[in-house]
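Please view the sequence and the structure first, and then read the points below by topic.

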Amino acid sequence: MYIKEINLYKITMKMRNPFTTSFGTEQNRKFILVEVKNENDLSGWGECVTTERPLYIEEFTDASWMMLEKFLIPAVLKTKIEHPDELQDRFKAYKRNHLAKSALEAAVWDLYAKSKDMTLAEALGGVKSTIEVGVSLGIEEDIHTLLNNIKQKTEEGYKRIKIKIKPGKDVNVLAEVRKQFPDIPLMVDANSAYTLDDIPTLKEMDRFNLMMIEQPLTAGDLIDHAKLQKEMETPICLDESIHSYEDARKAVEIGSGKIINLKVGRVGGLTEAKRIHDLCKQENIPMWCGGMLESGVGRAHNIAITSLANFTLPGDTASSARYWHKDIIDPEVVVENGLLTVPDKAGIGFDVNLDEVLRNTTESKKFN
Ligand code: OSB
Ligand code: MG
């Protein structure tokens, strides 16, 4: 297929509720949508899941916009692409910037699947028609708010509850949660807030029967996580430490964790995500698909990748309504009883609501 035109949209969307992690609070999501058009004016869509400030990892929205504009779009525009896997080679010379690379690659994957009249899930080698979904709950000032949120999401049927923790809001919070909900499938996410000096606190969490503790130590670290895993019974799940197949290979080799949270953006795209999936399957490392508070576009790609066989744990791809008053796709994502049906329409399987996209657009640029 020939890439005739690319459009970038800078989007601001206000979430229903603020979301607090150990690195800060977010309510206004500022991210980028990428639209890629082929010679037949068919459109493919991708989402750059950056945040306004580089608090999760080093990338942020304005930097990714520049990366797309200056380097990535020129490597794709007005060229022929037989298969989206080819983009890895085109982008290889440019270091990291995985969220930006992934956004453009995702749009090309959607376009590719549509042009072959396949679902994105099929194009990726997906095998599941339904996927299991959990929910990620932010840190709350007041424990009663958190307990209420957990109650509500459990009643909605989510298959597991993840709560964010940080030093000072960890063991005490978990004790309260377990008192009220002794048996729910529960995990925690620290977003890199601890160091090996915190081993005593981290080990205390072993008594709460957690499915896993996500990213306790520094983003990018593999070695200290391996040391910590030897001291803890709770399985460590890596998020901000896995940016590539090579990271995953090394983590498995040295035992940095027992589970991987795969985020398509963080690893630089769906092609790399497939490689990591195949590695984890071979090495018996369970995995699940993480979230970045995406709009429906990014969420649709997450649903497609989760249909691959080794995504055996519930992911963070909650309902559109968990985040948004109105999402930008039709239909919106609806999780029922903790389950989602993988769509059977071509490409990402949801229509992008262009009116709604434009209503939330603060800046756009056409490249042709
Ligand atoms: O660490 O998984 C994370 C949101 C923003 C940045 C990082 C993370 C998260 C979440 C929410 O946990 C996942 C979601 O519901 O999209
Ligand atoms: Mg995480």
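The structure is a predicted model. The shell of residues around ligand 1 consists, by class, of four nonpolar, four polar and three charged residues.

**Domains**

- The protein chain is divided into domain 1, made of residues 3–117 + 354–367, and domain 2, made of residues 122–351.
- The contact between these domains takes 36 residues from domain 1 and 34 residues from domain 2.
- On the side of domain 1 that touches domain 2, two or more residues come from each of β1 (3–21), β2 (24–38), β3 (43–48), α3 (98–115) and α13 (354–359).
- The greatest contribution to that side of domain 1 is made by α3, with 11 residues.
- The residues on that side of domain 1 comprise 15 nonpolar, nine polar and 12 charged.
- The centres of domain 1 and domain 2, taken over C-alpha atoms, are separated by 22 Å.

**The sheet**

- Strands of a sheet pair through backbone hydrogen bonds, in either a parallel or an antiparallel manner.
- Here, seven strands form an open sheet with parallel pairing, in the order β5-β6-β7-β8-β9-β10-β11.
- Its edge strands, β5 (135–137) and β11 (287–289), each pair on one side only.
- Strand β10 (residues 259–262) pairs with β11 over three bridges in the parallel sense, and Ile260 has Met287 in β11 as its bridge partner.

- The residues around ligand 1 are Tyr56, Ser136, Asp189, Asn191, Asp239, Gly290, Gly291, Met292, Leu293, Asp316 and Ala318.

**Annotated positions**

- An unreviewed UniProt entry places the annotation "domain: Mandelate racemase/muconate lactonizing enzyme C-terminal" on residues 143–235.
- Over residues 143–235, the chain is 42% helix and 11% strand, and the end C-alpha atoms lie 25 Å apart.
- The unreviewed UniProt entry also annotates Lys164 and Lys263 as "active site".
- Lys164 belongs to strand β6 (residues 161–164), and this residue is buried because 24 other C-beta atoms lie within 10 Å.
- Leaving aside neighbours within four places in sequence, Lys164 is in contact with several residues, among them Thr20, Leu137, Asp189 and Asn191.
- Lys263 lies in the loop between β10 and α10 (270–282), and Lys263 counts as buried because of its 28 C-beta neighbours inside 10 Å.
- With neighbours within four places in sequence left aside, Lys263 is in contact with Gly290 and Met292; Gly290 and Met292 are also among the residues around ligand 1.

How values were computed. Residues numbered from 1 in each chain as written. Chains lettered and ligands numbered in written order. Predicted model: local features only at pLDDT ≥ 70, side-chain atom pairs only at ≥ 80, totals over all residues. Pairing = 2+ DSSP bridges. Helix = DSSP H or I, 4+ residues; strand = E, 2+ residues; numbered from the N terminus. Near = placed C-beta within 6 Å. Nonpolar A, V, L, I, M, F, W, Y, C, P; charged D, E, K, R; others polar. UniProt positions renumbered as here; feature names shortened; annotations may be inferred. Buried ≥ 20, exposed ≤ 12 C-beta atoms within 10 Å, placed from the backbone. Contact = placed C-beta atoms within 7 Å. Domains from an automatic or database assignment.
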